[in-house]
Amino acid sequence: MEPVSRGQAGPRIALAGFFIECNRWSPVSTAQDFQAGTDLAGDDLAAQLRAAAPRLLPDMPGFVAEMDRLGPWQPVPLRMAGAQPGGPVDQAFFTSFVEDVVQRLLESGPLDGVYVCAHGAALTTQQDDPDGAFFERLRAILGPAVPIVAVFDLHANVCPRTVQALSAFVAYRTNPHVDLRERGEEAARHLHTLLREGPGVVEHVKLPLVPPAPSQLVAPGHPYHALIDLAQQQVGGRVLNVSLCGGFALADSPHCGFSVCVSASHGDRAAAREVAGRLAHAVWRERGRFVTRLTPLAQAVRAAVQAGEDTALTPLILADVADNPGGGGSGQTVDLLEALLDAGARGVVLGVYTDPDLAAQAHALGTGHTFEACLNRHASGRGFDRSLRVRATVQALHGGEFVGRRGMVAGSRRTMGPTAWLALEGRHGHALQLVVISVRQQLLDPAQLDILGSLADVRTLVIKSRGHFRAAFEGFTSDDRILEVDCPGLTTPNLATLPWARLPRPVFPIDVDAAWP
């Protein structure tokens, strides 16, 4: 497919997306999971591009807004499919998605470029590299002259097929991820550069380093922050972008590992390769700092008890990082919840807890009713997948729709499905507040709790997340009062405990003697 000559109407740019982070050990992600997230095509996708509160990740509206600012252009919406992090995608759904995008691409007529909203850590039930397969398919249709620019999550597992197919690779620079819109805007500027100056290339270096997710925080004093600053100092001239992708180890993929990706204009692979190699050495020197130190469960519970008893202490956040829906966790484990109930901790709110059966029961009973609640009632009873029975009172009910105010989902319209605020009876007479939702997700925004109740008197906030909450709850407490708790779960940062099958070995920190180059 050859690029068209651009007239007064401006370049014709196709818009597409495939966005999911896959945990090898989580249940299969199906078409229903994408429908519960985002699955929009053609006119339906077009209607969201400039909406006040779009049902899209912010990078896509950011790309569109910057393209609008840069001059006339013609968006050609194809399809955008995204789901909450989960298990490998059902192969039949992925195949049908790719064929649908290809058909829409072929029917769209000549194009000047393509923009893709991506994550970069997908799996399917039959493939370890569906992202690469998707980009490779696009490139085969478009030919070498049409630029393809994509934005990726900082946790992308970058593969050779992806970088070979792309003209520019742009990854988030923040974690928690609050710069999605800015990265979409940046991608639009790169696309304009490539349309004006010719082909772009991407080079990357993969390191035998799989940092646990909590160690990938981008904040002053943390290694990732300094490395990203160093990377941005290399941008200039023909070097358009430098991205550092820590990767997502729980994919258990041959493509796991820290990647340095460098995009350059004018086909300048030499410049891209030199920068990528130099930065890879800088990252490797810092590998010893990409470790996670978790707080033992008993110690975390004692801290919650103290926070409830001593109001002079600043509030506490306990992060249940091993049951993070943002990494494929169920959002239903009860280990930390049960320990807090047994200890009689006061002023505790756990939000959000995914249990559609429990939410439906609360809605059927109505506000004010007390009943015996069975949490995670369909649990297998094996390991951390178990149920918990406790007396509960329905405090408030809501349909679950909210518009994000802060952090990663600010300005976007979301739903948690039928939602209930329950008061659970502890053994010492102190109630623990539980916010139960129906659509699995992590707590990303105070609006998810504000629609039901107030956080004014909360002494301990328990969050099933590994870190994105930090961007939205930064005023709730201080960094030293955020504890990452060592509990069992599908997203445990204790990587050495997992049954690896496809992860390249040796890798640091699982194998402390891993060597590179």
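1. A word on terms to start: helices (H or I, at least four residues) and strands (E, at least two) are DSSP runs, numbered from the N terminus. The model is predicted, with local features needing pLDDT of at least 70 and side-chain atom pairs counting only at pLDDT 80 or more, while totals for chains, interfaces and linings use all residues. Residues are numbered from 1 along each chain as its sequence is written, and side-chain values use heavy atoms, leaving out hydrogens and water.

2. Helix α3 covers residues 59-70. Its 12 residues should span 16 Å at 1.5 Å a residue, and the end C-alpha atoms are 16 Å apart, which agrees; the expected span is 1.5 Å times one less than the number of residues. After α3 comes G71, with a positive phi near 140 degrees.

3. Which residues of α3 are buried? They are D59, M60, P61, G62, F63, V64, E66 and M67, where buried means under 20% relative accessible area (1.4 Å probe, protein chains only). These buried residues pack against β1 (12-19), β4 (113-118), β5 (148-152) and α7 (180-197).

4. On the α7 side, have a look at E185, which is found in that helix. Leaving aside neighbours within four places in sequence, E185 is in contact (heavy atoms within 4.5 Å) with G62, F63 and E66. The C-alpha atoms of E185 and G62 are separated by 5.0 Å, although the two residues lie 123 residues apart along the chain.

Technical notes: Buried < 20%, exposed > 50% of the residue type's maximum accessible area, 1.4 Å probe, protein only.
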